[in-house]
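The following report describes a protein structure, moving from its sheet to its charged side chains and then to its helices.

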Amino acid sequence: MRGIRKTFGPVEALRGVDLEVAPGEIMALVGDNGAGKSTLIKTLAGVHVADSGSIEVDGTPVDIRGPQDAVDAGIETVYQDLALCDNLDVVANLYLGRELRTPRRGPLSRFLAVKRMSAEAQRVLDDLSVTLPSLRSQVGTLSGGQRQSIAVGRAVLWGSGLVVLDEPTAALGVQQTAMVYRLIRALRAKGISVVLISHNMVDVFEVADRVTVMRLGANAGVFRTSSSTPQDVIAAITGSHAIAPRGETS
């Protein structure tokens with residue numbers, strides 16, 4: 001994302017923001033409330049349309065003017081509410097709205113290809129090292145970490161190259177948070193890029209490779225977690241010392 005600007009009436013929510021994520025990289029996106037993180041991600045997801053600026057995926061310009069454009073570009077966003085149906089099982093949630101049907105002609109073509117969907121769902125979850133009681137478990141009976149895994153698995157199932165995770169460990173316990181950490185690292189191991197939105201510096205420095213800081217609708221610095229501290233990032237978030245508006249701080 002280059003030079004992304006977005007206004008809502010007199011409010012300039014994004015003031016020429018850049019965000020770059022390398023293949024297989026975990027990029028944390030941080031900032032105080034009102035910094036513009038949500039607006040930037042909703043622009044990437046096609047919820048908002050940028051007033052100006054450009055978006056490229058694998059070096060190819062893409063025009064994201066709606067959620068389907070983002071999906072077609074290989075971008076999947078997992079919001080905090082996860083958009084799961086508690087009364088449906090794991091397989092039904094993974095394929096929600098994209099169900100496979102039997103290849104037969106005639107009345108039988110109306111039936112779902114249950115065995116095929118189940119096998120593919122199990123393969124994706126195994127690749128991510130996700131353990132669930134059963135593929136037939138209702139999602140409403142699962143833990144927060146398991147539910148997060150299903151939402152991410154859905155993104156992987158449909159071939160996303162970039163997964164955006166919005167506060168994935170919010171309200172999770174220690175064990176469930178560790179499960180989400182493993183899930184994020186599994187995405188990186190598969191070469192999938194991740195944008196991690198978080199207010200939790202423990203999360204950020206546990207799994208992220210780099211951190212992009214936003215402040216007041218603009219870039220406030222980019223940090224490598226291997227050579228920075230949480231205090232450096234917090235200083236950029238609060239503006240307590242001068243940080244170059246673009247570029248990378250080592």
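## Sheet, salt bridges and helix packing

Arg-5 has Ser-52 as its bridge partner in E4. This pairing comes from a predicted model, and it belongs to the contact between strand E1 (residues 2-8) and strand E4 (residues 52-57), which pair in the antiparallel sense over two bridges. Both strands are part of an open sheet of four strands, whose order is E2-E1-E4-E5 and whose pairing is antiparallel. At the edges stand strand E2 (11-17) and strand E5 (60-62), and because each has a single partner strand, one side of each is left without a neighbour in the sheet. From one strand to the next, the twist averages 35 degrees. As a general point, the strands of a sheet pair through backbone hydrogen bonds, in either a parallel or an antiparallel sense.

A helix accompanies this sheet: H1 (residues 37-44) lies across E1, E2 and E4, and runs at about 70 degrees to E2. Beyond strand E2, the loop between E2 and strand E3 (26-30) holds Asp-18. Is Asp-18 buried or exposed? With a relative accessible area of 18%, Asp-18 is buried. Asp-18 and Met-117 are 99 residues apart in sequence, and their C-alpha atoms are 39 Å apart in space.

Side chains of opposite charge can pair when their charged atoms come close. How many salt bridges does a search of the whole structure find? The search finds twelve, and the table lists some of them.

| Salt bridge | N to O distance |
|---|---|
| Glu-12 and Arg-5 | 3.1 Å |
| Arg-65 and Asp-63 | 3.9 Å |
| Arg-123 and Asp-127 | 3.0 Å |

The accessibility of these partners can be taken pair by pair. In the pair of Arg-65 and Asp-63, Arg-65 counts as exposed at 54% relative accessibility, and Asp-63 counts as exposed at 53%.

Arg-123 counts as partly exposed at 39% relative accessibility, and Asp-127 counts as partly exposed at 38%. These two residues also belong to a network of salt bridges that links Glu-120, Arg-123, Asp-127 and Lys-190.

The remaining feature is a pair of helices. Helix H5 (residues 144-157) and helix H6 (residues 174-189) pack at an angle of about 15 degrees, and their axes are 8 Å apart. Given that angle, H5 and H6 are roughly parallel to each other, and H5 passes H6 in a right-handed crossing. Which residues of H5 and H6 meet? On the H5 side they are Gly-144, Gly-145, Gln-146, Gln-148, Ser-149, Val-152 and Val-156, which meet Gln-176, Met-179, Val-180, Leu-183 and Leu-187 in H6.

Methods:
Residues are numbered from 1 along each chain as its sequence is written. This is a predicted model: local features need pLDDT of at least 70, side-chain atom pairs count only at pLDDT 80 or more; totals for chains, interfaces and linings use all residues. Side-chain values use heavy atoms; hydrogens and water are left out. Two strands pair if DSSP finds at least two bridges between them. Axes are lines fitted to C-alpha atoms, for helices over the stretch in contact, and angles run from 0 to 180 degrees between N-to-C directions. Contact means heavy atoms within 4.5 Å. A salt bridge is a side-chain nitrogen of Lys or Arg within 4 Å of a carboxyl oxygen of Asp or Glu. Buried means under 20% relative accessible area, exposed over 50%, partly exposed in between (1.4 Å probe, protein chains only). Angles under 35 degrees count as roughly parallel, over 145 as roughly antiparallel, 65 to 115 as roughly perpendicular and the rest as oblique. A crossing is left-handed if the near helix is turned anticlockwise from the far one by less than a right angle, and right-handed if clockwise.
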